[in-house]
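Good morning, and thank you for coming. I would ask you to look at the structure on the screen while I take you through it.

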Amino acid sequence: MSLPPLAAYPALRMRRLRQADWIRRLVRETVLTPADLIWSMVVHEGEGRVPVASMPGIERLSVAEAAKAAVEARDLGIPAIAIFPHIDGARKDALGTAAADPDGLIAQAVKAMKDAAPEVGIMCDVALDPFTDHGHDGVLENGKVLNEATIERLVAQGLMQAQAGADILAPSDMMDGRCGILRRELEGAGLQDVMIMSYAAKYASAFYGPYRDAIGSGKLGTGSVENPGDKKTYQMDPANTEEALREVALDIAEGADMVMVKPGMPYLDIVRRVVETFSMPTFAFQVSGEYAMIMAAARNGWLDEERSILESLSAFKRAGAAGVITYFAPRAARMLGA
């Protein structure tokens, strides 16, 4: 797009449109509202609320508290909640068997939240890492995460979540082909209205650390051949951008209704490229490390907390994201005057 010729100073003074709040609001190019937010939330099996040490202000919620939070989201105008589980380590195993438990934590939470506030969409993470004793997102054999064996377990997990009432399934595992197989199985089970938001461009990032604390997945292996200490063989290399476009294209072709870029702010260039290339509903995940950095700096007096929260969320919208998955959702919605 070519720009029109600009008048020379002083005929053109750019500051004229910045001189008062009313004119700044009138010409604002990007507007953030509660409708742009998906509330990222961790649920646990016990009672009440449990603080997450590495994420100041964030608590794991019981099923009953999660149901109350769904009502709060409705009242704040937040359209959807993404839930992640913290389960007892004694129920974790190498295959992540508990992930598909129809009577487990996620099924209970989804049902309670949909009963409390059916107007609020519920999104479930389709991945095994909260349920495996080794912390990886799939079935691990001789140090390698097996693609097809993992997909088989993911499909069982996703079908359980959909049958419990989840509106959106969000495969975050980064196995090749999982969106297509999951879509096929949903159709076959008569669950054709369940949406898929693919973690299409998910990077092997250092910014996930506090999340692992929040869900109790602990540290990955020490780097041995049997249990790798990172997820670089299935999550994307942070140096790559063209690869992200190929990943997104594949997931769209396999039946994803929406796509996601994760992490968020360090990857705004990827968000912009995905939006411009595919014109698909594209979301960004403001991950735990991004949350923790803002809160740590704010609590040390280095940043204005509320301004930083809203500025960071607005950046995603400015980059073209349809919405943001964020732990800040309820706070931001209140600040936005919901």
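Helix α4 is followed by Gly 165, a residue with a positive phi, near 120°. Helices here are DSSP runs of H or I with at least four residues, strands are runs of E with at least two, and both are numbered from the N terminus.

Before I continue, a word on the source. This is a predicted model, in which local features need pLDDT of at least 70, side-chain atom pairs count only at pLDDT 80 or more, and totals for chains, interfaces and linings use all residues. Residues are numbered from 1 along each chain as its sequence is written, and side-chain values use heavy atoms, with hydrogens and water left out.

Let me return to α4. This helix has 18 residues and reaches 26 Å from its first C-alpha to its last, close to the 26 Å expected at 1.5 Å a residue; the expected span is 1.5 Å times one less than the number of residues. Its buried residues include Ile 151, Leu 154, Val 155, Leu 159 and Met 160. Buried means under 20% relative accessible area, exposed means over 50%, and partly exposed lies in between, with a 1.4 Å probe and protein chains only. What do the buried residues of α4 pack against? They pack against α3, α5 and the strands β5, β6, β7 and β8, where contact means heavy atoms within 4.5 Å.

Among the buried residues of α2 are Val 63, Glu 65, Ala 66, Ala 69 and Leu 76. The cover over the buried residues of α2 includes β1, β2, β3, β4, α3 and α11. After α2 comes Gly 77, with a positive phi near 85°.

I turn now to the core. In soluble globular proteins, nonpolar side chains tend to be buried together. A nonpolar core is a set of buried Ala, Val, Leu, Ile, Met, Phe, Trp, Tyr and Cys residues joined through side-chain atoms within 4.5 Å. Which members of the largest nonpolar core touch the most other members? Of its 105 residues, they are Met 41, Ile 81 and Ile 83. Helix α4 gives this core its largest share, 7 residues. Leaving aside neighbours within four places in sequence, Met 41 is in contact with residues including Leu 61, Ala 66, Ala 69 and Met 113.

On a 1 Å grid over the protein atoms alone, a cavity is a set of points where a 1.4 Å probe fits but cannot get out; a pocket is an open set with protein on both sides within 12 Å along at least five of seven lines; and lining residues have an atom within 4 Å of a point. Grid points are joined across faces, edges and corners, and a volume is the space filled by probe spheres set on the points.

The largest pocket has a volume of about 670 Å³. Of its 17 lining residues, Arg 24, Arg 28, Glu 29, Thr 30 and Ser 314 are the closest to its centre. Helix α10 gives the most to this lining, with 4 residues. The second largest pocket has a volume of about 290 Å³, and β1 provides the largest share of its lining, 4 residues.

How many cavities of 30 Å³ or more does a search of the whole structure find? It finds 4. The largest has a volume of about 100 Å³, and closest to its centre, of 14 lining residues, are Asp 129, Lys 202, Tyr 211, Lys 231 and Lys 262. The second largest cavity, of about 40 Å³, has Tyr 211 and Lys 262 among its lining residues.

The peptide bond from Lys 262 to Pro 263 is cis, with omega near -5°, and Pro 263 is in the loop between β10 and α8. The bond from Tyr 9 to Pro 10 is cis as well, with omega near 10°. Asn 142, in the loop between β6 and β7, has a positive phi near 50° although the residue is not glycine. Is Asn 142 buried or exposed? Asn 142 is exposed, at a relative accessible area of 69%.
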